[in-house]
Amino acid sequence: MTGKPAHGVLLRLAGPLQSWGTHSKYLWRDTARFPTRSGVVGMLAAALGREREASLDDLTSLSMTVRVDRPGVVLSDFHTVGGGLPADKTVITVDGKRRGEGRGTLVSKRQYLADAAFTLALTADDTDLLHMCAAALRDPHWPLFLGRRSCPPEGPVLLGTVEDPLRHLVQLPLAAKKPRRGRQPTDFYSDRPLGVLPVDSDAPDRGDGDHHSGEVTDEPLSFTPLERRYRPRPLYRRAVHLPDAPYEGFGTGYLEKLRTYIDTHFAKPERSSR
């Protein structure tokens, strides 16, 4: 894909808790501050009803741009497992053996994003793929969740399929209250350069977004149990002051504004054949 993407699917990811792991391993389960490609690709695969061993090549061809409506706060939780069990039922170790009696209790630390909200644009040159993903999100085969099964979305994930998705990503109502003091920048994250964002060129801007700000290992190669594999990809970030940012707060007021925008600008969805 070159230049500004012409077609895309817009999503809304919001809920009491989200968790988008990037370095999770064994007893440590972290979260990124924004949805990861692996988490969103996994959600699409669940919506499509794909088994974990299925190929991900078509889904990983999608480009993803995230707008941070509300960053939320990081919440840490502690879990204990395996306590009070006899030796033959304690937690299995990495070498396939049981932990000794009296050493069976494990404490794991898990991070979540609390009260966060994001708007996403998934873009591709393949319009058939975009419509297939939109239909699956509208009528998912398996339940959708925000990074972990314990984190369901607070409402429908799919906003719609559109032309010029980055323009809508900038203009859609934000699920946040208007800042009390001056204008606050809105963060965008993507796997592609963000210089193509259609924003007012006179607006103050931290960076042009055309140079990646680091790498994140969240490009999924396989979701096969015990053989999950990921590779790094560049991360682009741009913080933009949106001059006419449509801050709509929370609750029904925001949802009504969002529905009005969708009814005005988005094409009506095609009826699912499933």
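Predicted model: local features only at pLDDT ≥ 70, side-chain atom pairs only at ≥ 80, totals over all residues.
Leaving aside its neighbours within four places in sequence, which residues is Gln171 in contact with?

Figure 1. Gln171 is in contact with Pro246 and Tyr261, once its neighbours within four places in sequence are set aside. Gln171 belongs to helix 3, which spans residues 165–171. Its relative accessibility is 38%, so Gln171 counts as partly exposed.

**Figure 2. Overall fold of the protein.** The protein has four helices and 10 strands. The protein contains 274 residues, and 44% of them are buried. Consider the contacts between residues at least 6 apart in sequence: 78% of them join residues at least 24 apart. The protein exposes about 14800 Å², and carbon and sulfur atoms supply 50% of that area.

**Figure 3. The salt bridge between Arg37 and Asp191.** The structure holds 10 salt bridges. In the one shown here, Arg37 pairs with Asp191, and the closest N and O atoms are 2.6 Å apart. Arg37 lies in helix 1 (residues 37–48), while Asp191 lies in the loop between strand 7 (186–190) and strand 8 (205–206), so the pair ties together parts that are 154 residues apart in sequence. Both Arg37 and Asp191 are buried.

**Figure 4. The salt bridges Asp69–Arg67 and Arg70–Asp115.** Asp69 forms a salt bridge with Arg67, with 2.7 Å between the closest N and O atoms. Asp69 and Arg67 are both buried. Arg70 forms a salt bridge with Asp115, and here the closest N and O atoms are 3.1 Å apart. This pair links distant parts of the chain: Arg70 sits in strand 3 (residues 63–70) and Asp115 in strand 5 (residues 106–123), 45 residues apart. Buried or partly exposed: which describes Arg70, and which describes Asp115? Arg70 has a relative accessible area of 12%, so Arg70 is buried. Asp115 has a relative accessible area of 44%, so Asp115 is partly exposed. Elsewhere, salt bridges that share partners join Arg37, Asp191 and Glu219 into one network.

**Figure 5. Positive phi at Asp115 and Asp164.** Most residues other than glycine have a negative phi. Asp115 is not a glycine, yet its phi is positive, at about 60°. Asp115 is found in strand 5. Asp164 is not a glycine either, and its phi is positive too, at about 55°. Where is Asp164 found? Asp164 is in the loop between strand 6 (158–163) and helix 3. At 22% relative accessibility, Asp164 counts as partly exposed.

**Figure 6. A positive surface patch.** Which residues form the positive surface patch? Arg29, Arg52, Arg149 and Arg228 form it. Arg29, one of these four arginines, lies in strand 2, which covers residues 28–29. Arg29 has a relative accessibility of 32%, so Arg29 counts as partly exposed.

Methods
Residues numbered from 1 in each chain as written. Heavy atoms only, no water. Patch = residues over 30% accessible without salt bridge, like charges linked within 9 Å, V, L, I, M, F, W, Y side chains within 5 Å. Areas by Shrake-Rupley, 256 points an atom, 1.4 Å probe, with all protein chains shown as cover. Salt bridge = Lys/Arg side-chain N within 4 Å of Asp/Glu carboxyl O. Lys, Arg positive; Asp, Glu negative; His and termini not counted. Charge placed at Lys NZ, Arg CZ, Asp CG, Glu CD. Helix = DSSP H or I, 4+ residues; strand = E, 2+ residues; numbered from the N terminus. Buried < 20%, exposed > 50% of the residue type's maximum accessible area, 1.4 Å probe, protein only. Contact = heavy atoms within 4.5 Å.
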